[in-house]
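Hi,

Here is the structure I said I would pass on to you. Have it open while you read, and my notes on what turned up in it follow right below.

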Amino acid sequence: MAQPEPEARTAAPATTEIVPVNLPPVAAAPEPLADPRTGDVDEWGRSENIRSIVRRIYDPMYRHWFRAEWEGMDKIPTEGGALLVANHAGAIPSDAPAIMHGVETELGRPVYGLADHFFKGTPVVGTLWARAGGVVAHPDNAYRLLRHQQQLVLVFPEGSKGPAKTYNERYRLRRFGRGGFVEIAMRAGVPIIPIAVVGAEESMPILFKLPSVARALGAPYFPITANMALGPLAAAVHFPAKFKLRVLDPVSFPDVEPAQPRYSRSRIMDESEAIRQQIQEALFDMLRQRRSVWFG
Amino acid sequence: MGRRILVTGLATYWGGRLAQALEADPDVDVIIGLDTRRPTVALERTEYVRSDENYSILSRIVRATGIDTIAHTFLVVDSTQMSSRTMHEINVIGTMNLLAAASAAGSTVRTVAVKSSAHVYGSSPKDPYWFRETDRRVNSARTKVERSLLEVEGYVRDFARDNPHVSLALLRCSNVIGPDLATPITKALTLPVVPKVAGFDPRLQLIHEDDVVAAIMFALEHRLAGIYNVAADGMIPWSEVCAIAGRHGLPLPPVATALTTEILRRLGIIDLPPELLQVLTYGRGLDNRRLKEAGFSYRYTTAGAVEAFMEAVRLRSTIGDRDTGYRYEDDVEQFFRHSPSVNRGVRP
């Protein structure tokens with residue numbers, strides 16, 4: 001079959017006059033170019049490589065020193081965002097690494113730990129802290145992590161008031177901030193998962209505090225701990241208190257519309273207080289059953 | 001009818017780049033460039049008007065030419081370029097006069113784009129990791145360039161409020177990097193060892209120079225109104241920036257860092273201004289979603305911008321500076337623009 005000749009090619013142009021056309025140079029197509037990243041540090045400063053090294057170093061500590069024991073780990077979702085909320089204790093808090101390590105090894109998904117901006121402003125410590133999953137506790141950061149990236153985020157609503165309390169006040173929860181964690185969870189539309197931790201209080205008990213030193217250092221508090229009695233090196237080592245962690249029933253807010261600019265203050269305070277009560281009661285329950293600080 | 005555009009700071013890098021980009025746009029009828037110095041790039045149809053640094057001539061130009069669009073690219077965001085007094089004149093007084101002329105009775109100006117900088121957000125440990133356009137800075141501004149830019153933005157806000165019929169886009173650009181632009185960051189990355197603050201490895205967000213020009217063009221074309229962050233996707237540690245550049249870091253002490261940079265400056269090695277030092281300590285990220293939602297797409301990521309810059313550095317180290325040897329000659333430029341013998345519309 002003969003190929004039909006295209007008509008356009010045979011048709012002569014109507015006018016032969018050549019019009020000089022001044023075309024602008026063809027702009028390069030604005031298609032995005034590849035992203036030549038060389039490292040694995042994410043936008044929060046967390047590095048999975050460094051995190052896995054930290055996990056490898058910390059694992060013997062977690063298993064054989066603190067002998068962490070979980071109860072109800074299955075209540076933490078394996079996908080989707082959730083805000084983990086726990087009580088906070090120990091001069092150098094030992095609960096945050098234990099919770100993050102436990103969840104990451106069991107569920108295989110990253111946990112971002114929110115903390116005071118003091119860490120970020122401290123050389124070396126701040127960098128390591130960020131690489132290991134620490135994020136400055138700013139509402140915008142939490143919202144982005146929970147809402148847009150559906151991550152697990154750990155927060156201690158007591159803030160630095162939790163670890164700053166002395167030994168005689170152990171396991172008595174401080175005020176849960178201004179309930180900001182409830183507001184963020186509502187806005188992000190994620191459940192709150194309360195966790196009660198027993199053991200951290202005894203791992204580094206504070207005997208008394210030196211507020212003037214804290215002021216001079218710009219730190220939230222400066223503790224004198226029982227661990228310091230064992231020498232300068234032991235000051236950074238936790239006592240081998242038995243760790244027990246109980247995950248409580250998730251609290252979600254199905255009746256609340258996410259992504260609102262404001263939420264009812266009274267509702268927030270009520271929910272915050274209810275969660276605080278829940279953790280406090282769980283702590284009392286766990287302490288009733290605890291026979292020994294060191295053996296559980 | 002095509003647009004009639006006034007570009008401030010024609011002799012600056014951004015003014016020159018923008019004028020070149022506008023010349024290629026057939027919808028633009030008239031481009032008038034204003035500066036104290038002569039243009040440094042070859043321009044085909046842009047008309048250069050010499051002015052003093054605070055633009056006292058401006059209202060007459062606006063009236064005489066019927067300008068409908070202003071691209072304000074004259075803001076100084078790199079404090080190492082000049083004394084703080086000159087910077088104040090250019091930034092604050094210049095913007096004040098510019099906006100006064102644009103809002104004068106009978107002004108034909110309907111679109112304004114101002115290129116500002118992310119320095120208005122500052123950098124501190126308390127910051128959110130991603131600044132949104134609505135966020136205010138956490139600490140009060142201490143450095144001169146930050147204070148100057150905040151004052152400028154005050155005038156810009158007032159202008160936008162008083163002139164609701166004008167679409168004003170305020171573009172807050174992240175730290176820029178690219179083949180042709182010299183900033184303290186690009187200078188630092190071409191040193192044999194790159195300064196860093198010991199103990200800190202901040203995450204930075206940079207932007208490629210082409211994306212900045214494209215963003216200004218986009219704002220003018222779509223008559224964007226409001227504040228827009230202009231920053232590439234991706235926030236990467238300074239150590240990774242250095243790694244892409246193939247350089248090792250030179251740790252500066254984390255205490256009394258300003259003193260150390262002062263010594264480096266005196267030795268003529270590098271001038272790291274205080275506002276940049278803050279960024280090199282705590283980092284800074286901008287939420288760029290607003291501009292993307294408006295329809296803009298970035299060509300380079302942060303890492304891609306660094307890579308593109310390093311490619312240019314490598315090329316330059318082999319073939320030398322890509323100096324076009326262009327010099328602005330009044331008579332020649334006048335001849336090309338106004339002589340009846342020149343075939344206009346044909347590229348030379």
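This is a predicted model: local features need pLDDT of at least 70, side-chain atom pairs count only at pLDDT 80 or more; totals for chains, interfaces and linings use all residues.

B:Pro253 sits in the loop that runs between strand S13 (248-252) and helix H8 (257-266) of chain B. Which residues does B:Pro253 touch, if you leave out those up to four places away in sequence? They are B:Val197 and B:Thr260.

You'll find A:Val124 in the loop between strand S3 (111-115) and helix H4 (125-131) of chain A. Its relative accessibility is 49%, so A:Val124 counts as partly exposed.

Staying in chain A, have a look at helix H5 (residues 139-148). Seven of its 10 residues are buried, so this helix is mostly covered. The buried ones are A:Asp140, A:Asn141, A:Ala142, A:Tyr143, A:Arg144, A:Leu145 and A:Leu146. What do they pack against? From chain A there are strand S2 (82-86), S3, strand S4 (134-136), strand S5 (152-155) and helix H6 (180-188), and from chain B there is helix H10 (289-293). After H5(A) comes A:Gln150, with a positive phi near 50°.

Now over to a helix pair in chain B. Helix H1 (residues 13-23) and helix H6 (residues 209-221) of chain B pack with their axes 10 Å apart, at an angle of about 60°. That makes H1(B) and H6(B) oblique to each other, and the crossing is right-handed. On the H1(B) side, the contact is made by B:Tyr13, B:Trp14, B:Arg17, B:Leu18, B:Ala21 and B:Leu22. On the H6(B) side, the partners are B:Glu209, B:Asp210, B:Val212, B:Val213, B:Ile216, B:Met217 and B:Leu220. Sorted by type, the residues of this contact are 10 nonpolar and three charged, with no polar ones.

Last topic: aromatic rings. How many aromatic pairs does the structure hold over all chains? There are 12. One of them joins B:Tyr13 and B:Trp14, edge-to-face, with 4.9 Å from centre to centre and 80° between the planes. B:Tyr13 is partly exposed at 22% relative accessibility, whereas B:Trp14 is buried at 9%. B:Phe200 and B:Tyr282 form a pair too: their planes are at 80° and the ring centres 5.7 Å apart, so this is edge-to-face. That pair links distant parts of the chain, with B:Phe200 in the loop between strand S8 (193-197) and strand S9 (203-204) and B:Tyr282 in helix H9 (residues 274-282), 82 residues apart. B:Phe200 is buried at 10%, and B:Tyr282 is buried at 17%. In chain A, look for one aromatic cluster formed by A:Phe118, A:Phe119 and A:Trp129.

Cheers

Conventions:
Residues are numbered from 1 along each chain as its sequence is written. Chains are lettered from A and ligands numbered from 1 in the order in which they are written. Side-chain values use heavy atoms; hydrogens and water are left out. Axes are lines fitted to C-alpha atoms, for helices over the stretch in contact, and angles run from 0 to 180 degrees between N-to-C directions. Helices (H or I, at least four residues) and strands (E, at least two) are DSSP runs, numbered from the N terminus. Angles under 35 degrees count as roughly parallel, over 145 as roughly antiparallel, 65 to 115 as roughly perpendicular and the rest as oblique. A crossing is left-handed if the near helix is turned anticlockwise from the far one by less than a right angle, and right-handed if clockwise. Contact means heavy atoms within 4.5 Å. Ala, Val, Leu, Ile, Met, Phe, Trp, Tyr, Cys and Pro count as nonpolar, Asp, Glu, Lys and Arg as charged, and the others, Gly among them, as polar. Rings of Phe, Tyr and Trp (its six-membered ring) pair if their centres lie within 6.5 Å; planes under 30 degrees apart count as stacked, over 60 as edge-to-face and the rest as tilted. Buried means under 20% relative accessible area, exposed over 50%, partly exposed in between (1.4 Å probe, protein chains only).
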